[in-house]
Amino acid sequence: FISMPPDESGKGLCYTWPEYILRDTDSSEFWNCLHKGILDDLREERILRSQDEDTGFLKPPALRYVPTGFRFDGGTLFDLASIRRSHLAFNYDLVKDQLEQLGVQRLSIRDLYEEFREWIEIVGVAEIQAQSTAWHRKVASLFSDRMQLRKELRALPIIPLRDGSWAKAKTKHLYFDSGNEDE
């Protein structure tokens with residue numbers, strides 16, 4: 001069943017089978033032990049797809065569910081194959097709670113920061129500049145009030161300067177003029 005392609009809506013048996021993990025816990029001890037054994041075995045099997053379509057099936061603990069608030073234009077914010085490979089395919093959104101029982105973790109804001117840092121290191125500041133205004137707004141809105149990440153964010157080259165270069169917020173003597181002659 002995992003080789004079946006999704007239907008027109010992107011669903012299909014491949015992405016909805018975890019619905020059958022739910023069960024009544026008031027069953028007999030035998031069924032409870034059997035269910036636990038099945039879940040334990042499924043955690044060690046390559047049964048889930050990632051966002052990277054070129055990657056085959058992966059084990060549940062190798063994948064992270066990306067909350068909808070951390071997405072942009074139907075994809076990941078920081079588009080790298082290595083990042084897409086670690087994200088659970090969005091087609092599993094309806095069964096994310098069941099997949100947590102198999103070891104799929106939710107992407108945290110700290111994890112998102114780590115992806116941002118990795119993305120900047122790999123693609124460089126030119127790619128930051130190439131992103132749309134909407135993308136910049138989305139990233140800024142996610143990190144703007146995260147005090148626990150402020151020190152780490154200050155170390156990233158994410159401040160655009162007029163000469164086209166990018167600076168780190170922790171740079172000494174960083175000066176922002178008003179853009180007019182009324183200073």
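This is a dialogue on how to read some features of a predicted model.

Reader: What should I know before starting?

Author: This is a predicted model, in which local features need pLDDT of at least 70, side-chain atom pairs count only at pLDDT 80 or more, and totals for chains, interfaces and linings use all residues. Residues are numbered from 1 along each chain as its sequence is written, and side-chain values use heavy atoms, with hydrogens and water left out.

Reader: How many helices and strands does the chain have?

Author: Helices (H or I, at least four residues) and strands (E, at least two) are DSSP runs, numbered from the N terminus. In this chain there are 8 helices and 6 strands. Their order along the sequence is α-α-β-β-β-α-α-β-α-α-α-α-β-β.

Reader: What share of the chain counts as buried?

Author: Buried means under 20% relative accessible area, exposed over 50%, and partly exposed in between (1.4 Å probe, protein chains only). Of the 183 residues, 35% count as buried. For areas, the Shrake-Rupley method is used with a 1.4 Å probe, and for residues only the protein chains shown count as cover. The chain exposes about 11,300 Å², of which carbon and sulfur atoms supply 51%.

Reader: How do I read contacts along the sequence?

Author: Contact means heavy atoms within 4.5 Å. Taking contacts between residues at least 6 apart in sequence, 60% join residues at least 24 apart.

Reader: Which residues of helix α7 are buried?

Author: Helix α7 spans residues 133-143, and its buried residues are W135, V139, L142 and F143. They lie on the same side of α7 because they cover an arc of only 90° around the axis; the arc is that of the directions from the helix axis to the C-beta atoms. T133 and R137, on the other side of α7, are exposed.

Reader: What do the buried residues of α7 pack against?

Author: They pack against β2 (71-72), α5 (109-123) and α8 (150-153).

Reader: Which residues does Q98 contact?

Author: Q98 lies in helix α4 (residues 96-100). With a relative accessibility of 8%, Q98 counts as buried. Apart from neighbours within four places in sequence, Q98 is in contact with P18, E19, I21 and L22.

Reader: How many salt bridges does the structure hold?

Author: Side chains of opposite charge can pair when their charged atoms come close. A salt bridge is a side-chain nitrogen of Lys or Arg within 4 Å of a carboxyl oxygen of Asp or Glu. The structure holds 13 salt bridges. One of them joins the side chains of D40 and R43 (2.4 Å, N to O). D40 and R43 both lie in helix α2, 3 residues apart, about one turn of the helix. D40 is partly exposed at 29% relative accessibility, and R43 is partly exposed at 25%.

Reader: Where else are there salt bridges?

Author: The side chains of D97 and R106 form one (3.4 Å, N to O). D97 is partly exposed at 45%, as R106 is at 39%. D145 and R146 also meet in a salt bridge through their side chains (3.7 Å, N to O). D145 counts as exposed at 55%, whereas R146 is partly exposed at 26%. D52, D79, R84 and R85 are linked in a network of salt bridges.

Reader: Which residues make the nonpolar surface patch?

Author: Patches are made of residues with over 30% relative accessible area and no salt bridge; like charges are joined within 9 Å, and nonpolar side chains (Val, Leu, Ile, Met, Phe, Trp, Tyr) within 5 Å. F30, W31, L34 and I38 make a nonpolar patch of about 420 Å². I38 is found in helix α2 (residues 29-43), and counts as partly exposed at 42% relative accessibility.

Reader: What is the phi of D73?

Author: D73 has a positive phi of about 50° although it is not a glycine. D73 is in the loop between β2 and β3 (75-76), and is exposed, with a relative accessible area of 73%.
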